[in-house]
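Reader: I have a protein model open and would like to learn how to read it. Could you walk me through some features?

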Amino acid sequence: MSATTAPAVRKAPRPRADALRNRERIVTAAREMFVEHGPDVPLDEIARRAGVGNATVYRNFPDRDALVREVVCSVMDRTAEAAELALAETGDAFAALERFVHAAADERISALCPMVSSTFDQHHPDLEASHGRIERLVEEIMGRAEAAGQLRPDVGVGDVLIVVAQLSRPPAGTDCVLGDRFVHRHLQLFLDGLRAPARSALPGRAVNIKELRTS
């Protein structure tokens with residue numbers, strides 16, 4: 001009696017390069033249009049800007065929630081990568097914090113992340129992973145900057161994330177393009193205020209991650 005051979009395990013095919021490019025174009029177009037028009041922008045408009053057909057959008061993202069989630073995760077991951085690169089290049093923790101803050105503004109995190117709470121499950125594993133990566137990274141950078149005597153000791157990760165979100169939004173009634181002219185100027189003023197030694201005592205206490213998530 002001949003021994004039976006186990007069936008060969010087939011590897012999942014890798015996505016074609018053009019398929020990956022289409023997916024990236026969809027995410028980029030969606031990011032731009034979500035910032036400009038909010039999360040309810042028609043998907044066919046996103047497809048048109050991306051230069052792909054509606055079927056390509058739905059093949060990559062079966063519903064709006066999946067596309068919003070991909071956009072939000074991608075901007076959080078790119079922002080984290082900018083800070084990690086700065087830290088690796090210079091070893092300067094405060095410089096890495098500056099890179100993170102300015103990259104977060106460029107990626108429009110303040111405009112995109114609120115869509116998560118208003119559209120779907122905030123506890124999706126992909127979102128939790130991206131949130132956790134940013135929170136751990138900023139916590140590590142701030143800890144290293146404080147240990148090096150660069151960062152005042154009375155601020156927390158939550159303080160930084162809240163202020164970045166607030167300063168990155170244009171004032172009500174202000175054109176977004178006009179607001180963009182001042183975002184990095186105002187963020188740098190904020191960053192200068194984080195430097196040690198502190199020039200004044202802050203009211204209240206530092207905001208930590210747990211408080212930020214439950215606020």
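This is a predicted model: local features need pLDDT of at least 70, side-chain atom pairs count only at pLDDT 80 or more; totals for chains, interfaces and linings use all residues.

Reader: How many helices and strands are in the chain?

Author: Helices (H or I, at least four residues) and strands (E, at least two) are DSSP runs, numbered from the N terminus. Here the chain has 11 helices and 0 strands.

Reader: What share of the residues is buried?

Author: Buried means under 20% relative accessible area, exposed over 50%, and partly exposed in between, using a 1.4 Å probe and protein chains only. In this chain of 215 residues, 38% are buried.

Reader: Which residues of helix α2 are buried?

Author: Helix α2 covers residues 43-50, and its buried residues are L43, I46, A47 and A50. Looking down the axis of α2, these buried residues fall within an arc of 100°, so they line one face of the helix. That arc is taken from the directions from the helix axis to the C-beta atoms.

Reader: What covers those buried residues of α2?

Author: Think in contacts, meaning heavy atoms within 4.5 Å. The cover includes α1 (17-37), α3 (54-60) and α4 (64-90). Just after α2, G51 has a positive phi of about 75°.

Reader: Which residues does the "DNA-binding region" annotation cover?

Author: The unreviewed UniProt entry places it at residues 42-61. UniProt positions are given in the numbering used here, feature names are shortened, and annotations may be inferred rather than shown by experiment. In the model, that span is 75% helix and 0% strand, and its end C-alpha atoms lie 14 Å apart.

Reader: How do helix α5 and helix α9 cross?

Author: Axes are lines fitted to C-alpha atoms, for helices over the stretch in contact, and angles run from 0 to 180 degrees between N-to-C directions. The axes of α5 (residues 93-106) and α9 (residues 157-167) come within 9 Å and cross at roughly 35°. From α5 the contact uses L97, F100, V101 and A104, and from α9 V160, L161 and V164.

Reader: Where is P197?

Author: P197 sits in the loop between α10 (176-194) and α11 (209-214). A cis peptide bond, with omega about 0°, joins A196 and P197.

Key: Residues are numbered from 1 along each chain as its sequence is written. Side-chain values use heavy atoms; hydrogens and water are left out.
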